[in-house]
Amino acid sequence: MTDRTRNNARAPHQDRAPLILGNEAGSFAHGVLAERHPALIRQVREAFPYGPRQARALDGLLDEITGDAVAPLPTTAHDHRQWSDWGREHVGRPWFDAPFLWAESYFYRRLLGAVGYFDDGPWQGVDPFAPFKRAELDGTTVDEELRALDALADAPAEERANALLLASLWGNRADLGFRATAGEPAPGEATPGLVADDSAALWSLLTDAAPGTVAVVADNAGRELVPDLILIDHLLTHGLARRVMIHVKPTPYYVSDAMLADVLDCLRRLAGAPGAAGRIGGRLWEAMATGQLEVRTHPFFCAPLPYEEMPSDLREQFAAARLTILKGDLNYRRLVGDRLWDPTTPFAAVTAHFPGPVAALRTLKSDVITGLERGTVDTLERSEAAWRTSGTHALIQVA
Ligand SMILES: O=P(O)(O)OC[C@H]1O[C@](O)(CO)[C@@H](O)[C@@H]1O
């Protein structure tokens, strides 16, 4: 048992920070529920020639989320019981009054229901976000990013490692959910900056003297997953990890979140590229075949719950890892709790529930933040109003 598994007590700050709800007009959370979700329904409706039943269901969901109370899942749904348990306090009440994390997660579940994702029939398992993910992965930006690997091939190992870590970190900026609202600027247009940088602590946990298993909890597909896979290749080829488990979503979620199909698309994209990228793709393909790289998934990854409430089978997997790398904003919210923390609340305190060493690699795209120095917070507050949510800033935090 590690120190962390023994230290399962609630962080002392846990009960003091309020949960983020969607009902404060002008807040980031309210904007997501009031603007991004309706825009996303319209985009999905246009991206497929859905039949009348699906179109009606999407229109109904649009009406519901913009005015009506939260409706339950149909009793025939495979996960009806689970969601009625999770939604006991929210079903029948306004969408905006629910915790932001719950409302977003349930929205994606309902969207999948509307397009028939779980129903018997030809639309079963058709990812409503696949056209957006595919367009991004096929884009020329990915070509440029892959070509840049050639220049890095001869760089000293440490420089290369840090460049790949930063590429994986900033890959989180390319989140398609951000693009749902027309006219919203793409994240990261301003000068990027790290608000916390524990990269030295991260590397110190990964030693080639006794490499262990590294868990990577992936976030977005495409332009985030490609650099994640490249970083994983670096860990494996330099003996910094004996095995890597990459955890992905079991069903489509938050628009661009990665599933197994997306991992395979990215591997094909890499393997089919010229130069260093192609070699990396070939090695990763082989690593999958030998089990050195393993894709895993779990229903908990689409649950509206913080990691503190993860089930024991997942907890055991993370406890066994030398390091778990959690990618992205949503994983961060679920790691520390979707709460309006004082930004100086220690990251180690709010992640004490996690069963093993954990690193968060995240661009800032929601109000949640912990572990900052007071001076950093003061500078950020003076410099830019939207530093918490615009994706212009990022962090690497380790505990
Ligand atoms: O892909 P990421 O980095 O998890 O970001 C998803 C983010 O999108 C939002 O849901 C808004 O749509 C954020 O609140 C959320 O955390």
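Modeller: Two strands pair if DSSP finds at least two bridges between them; strands (E, at least two residues) and helices (H or I, at least four) are DSSP runs, numbered from the N terminus. This is a predicted model, in which local features need pLDDT of at least 70 and side-chain atom pairs pLDDT 80 or more, while totals for chains, interfaces and linings use all residues. Residues are numbered from 1 along each chain as its sequence is written, and side-chain values use heavy atoms, leaving out hydrogens and water.

Colleague: Which strands are the edge strands of the sheet?

Modeller: The open sheet has seven strands with mixed pairing, in the order β1-β7-β6-β5-β2-β3-β4. An edge strand here pairs on one side only, and this holds for β1 (193–197) and β4 (293–297).

Colleague: Which residue of β4 stands opposite I246?

Modeller: Strand β3 (residues 241–248) runs parallel to β4, and five bridges join the two. Opposite I246, the residue found in β4 is V295.

Colleague: What angle does helix α13 make with β3?

Modeller: Helix α13 (residues 312–319) packs on the sheet and touches β2 (212–217), β3, β4 and β5, where contact means heavy atoms within 4.5 Å. Axes are lines fitted to C-alpha atoms, for helices over the stretch in contact, and angles run from 0 to 180 degrees between N-to-C directions. The direction of α13 makes with that of β3 an angle of about 150°.

Colleague: How much of the ligand does the protein bury?

Modeller: A polar contact is a pair of N or O atoms within 3.5 Å; a polar side-chain atom of D329 lies 2.4 Å from an oxygen atom of the ligand, and a polar backbone atom of L330 is 2.8 Å from an oxygen atom of the ligand. Taken alone, the ligand exposes 390 Å² (Shrake-Rupley method, 1.4 Å probe). Of that area, the protein buries 98%.

Colleague: Which element gives the most residues to the shell around the ligand?

Modeller: The ligand is surrounded by 16 residues, each with a heavy atom within 4 Å of it. Elements giving two or more of them are α2 (28–47), α5 (100–114) and α14 (328–336). With four residues, the element that gives the most is α14.

Methods
A polar contact is a pair of N or O atoms within 3.5 Å; within protein, one must be able to donate a hydrogen and the other to accept it, and residues adjacent in sequence count only if both atoms are side-chain atoms.
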